[in-house]
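I opened this notebook to keep track of what I looked up in one protein model, entry by entry. I wanted to go from the overall layout to single residues.

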Amino acid sequence: MGSSGINAEYMGSSGINAEYMGGTFVMYKKSVAEEEDDEKNPEPRMKSRADAYTGVGIKVQFTNSGEVYTMQQLSGGQQTVVALTLIFAIQRCDPSPFYIFDEIDAALDAVYRTAVANMVSYMSEKSQFICTTFRQELLQAADRFLKVTYENKVSRCQPCSHEDAAHIIAEEEAQVASR
C-alpha cells in the first residue's frame, strides 16, 4: 500500500499535548493488483473517488524535530494520546452532546492523565463526559461521582462524594501495588 498525496494536518492545537505533537492523516491508494481484482467483481456498481483508496492511517511525531511514527509503532499510551487528541480535535469542529469514556487514562503516565483531565474539564463546558477511571487525575475534573458495585451477578450504581471516590481509587491503587 502506498500513501497518496492526500494528507491532512491535524493535532497541532488539540490542547492535550504536553509537548509538541503533530500528525498527518494518510490515505492509502489501492495497488494495481487490487484495482484489477475490483474490475473482476461480477457485481457492477458505480465507482466513486473513494474506490481508489484502501484505507486511512495516521502518522505522528511527538517533538518538533522528532521521528515520525505510524500508529503501529507507538506504545499503548502513545496510541491513546493520539486517539484522544483526534477525538478532542473533532469535538472542537463538530461537538457531540456527550461522550462516554471507559478507563481512557489506564495506559497513560501521570503527565498525560493530568492533560486528559484538563481537556475533559475544559471541553465539558460544551459537552457532557461520563468517564470511568481507577486514577486520581480524572477525579479532579469531575463534578459528580458514582460508585459501581458488583454483588450476586448484579451491578449497582450509587452516588458518592469526591472523598469516597478518592478513597476507592486509593484502595485500588494499594491493591495493585501489593501484587
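**Entry 1: the layout.** I began with the order of the elements, which from the N terminus on is β-β-α-β-β-α-β-α-β-α-β-β-α. That gives five helices and eight strands in the protein, where helices (H or I, at least four residues) and strands (E, at least two) are DSSP runs, numbered from the N terminus. I noted that this is a predicted model, in which local features need pLDDT of at least 70 and side-chain atom pairs count only at pLDDT 80 or more, while totals for chains, interfaces and linings use all residues. Residues are numbered from 1 along each chain as its sequence is written, and side-chain values use heavy atoms, with hydrogens and water left out.

**Entry 2: confidence.** I looked up pLDDT, the predictor's confidence in each residue, from 0 to 100. Its mean for the protein is 80, and 77% of the residues reach 70 or more. Where is confidence lowest, and where is it highest? Strand β1 (residues 2-10) has the lowest mean, 37, and strand β8 (residues 154-160) has the highest, 95. Over residues 1-15 pLDDT stays under 50, although the model has 47 contacts beyond four places in sequence for them; contact means heavy atoms within 4.5 Å. I reminded myself that where pLDDT is low, the predicted coordinates should not be read in detail.

**Entry 3: the whole protein.** I found that 29% of the 179 residues are buried, which means under 20% relative accessible area, with exposed being over 50% and partly exposed in between (1.4 Å probe, protein chains only). The protein exposes about 12,100 Å², and carbon and sulfur atoms supply 52% of that area; the areas come from the Shrake-Rupley method with a 1.4 Å probe, and for residues only the protein chains shown count as cover. Among contacts with a separation of 6 or more, 60% are between residues 24 or more positions apart.

**Entry 4: helix α5.** I checked the length of helix α5 (residues 162-178): at 1.5 Å a residue its 17 residues should span 24 Å, and its end C-alpha atoms are 24 Å apart, which agrees. The expected span is 1.5 Å times one less than the number of residues. In α5, Ala-165, Ala-166 and Ile-169 are buried. They cover an arc of only 95 degrees around the axis, which puts them on the same side of α5; the arc is that of the directions from the helix axis to the C-beta atoms. What covers the buried residues of α5 includes α4 (136-141), β7 (145-151) and β8. The exposed residues Glu-163 and Ser-178 are on the face turned away from the buried side of α5.

**Entry 5: aromatic rings.** How many aromatic pairs does a search of the whole structure find? It finds five, where rings of Phe, Tyr and Trp (its six-membered ring) pair if their centres lie within 6.5 Å, and planes under 30 degrees apart count as stacked, over 60 as edge-to-face and the rest as tilted. The rings of Phe-88 and Phe-101 have centres 6.4 Å apart and planes at 90 degrees, so this pair is edge-to-face. The pair links distant parts of the chain, with Phe-88 in helix α2 (residues 76-93) and Phe-101 in strand β5 (residues 98-102), 13 residues apart. Both Phe-88 and Phe-101 are buried. The rings of Phe-88 and Phe-129 also have centres 6.4 Å apart, but their planes are at 55 degrees, so this pair is tilted. Phe-129 is in strand β6 (residues 128-132), 41 residues from Phe-88. Ring pairs link Phe-88, Tyr-99, Phe-101 and Phe-129 into a cluster.

**Entry 6: Gln-91.** I then turned to Gln-91, which lies in helix α2 and counts as buried at 3% relative accessibility. Not counting residues up to four places away in sequence, Gln-91 touches Tyr-99, Met-123, Ser-127 and Phe-129.

**Entry 7: a positive phi.** I noted that most residues other than glycine have a negative phi. Lys-153 is not a glycine, yet its phi is positive, about 65 degrees. Lys-153 lies in the loop between β7 and β8 and is exposed, with a relative accessible area of 74%.
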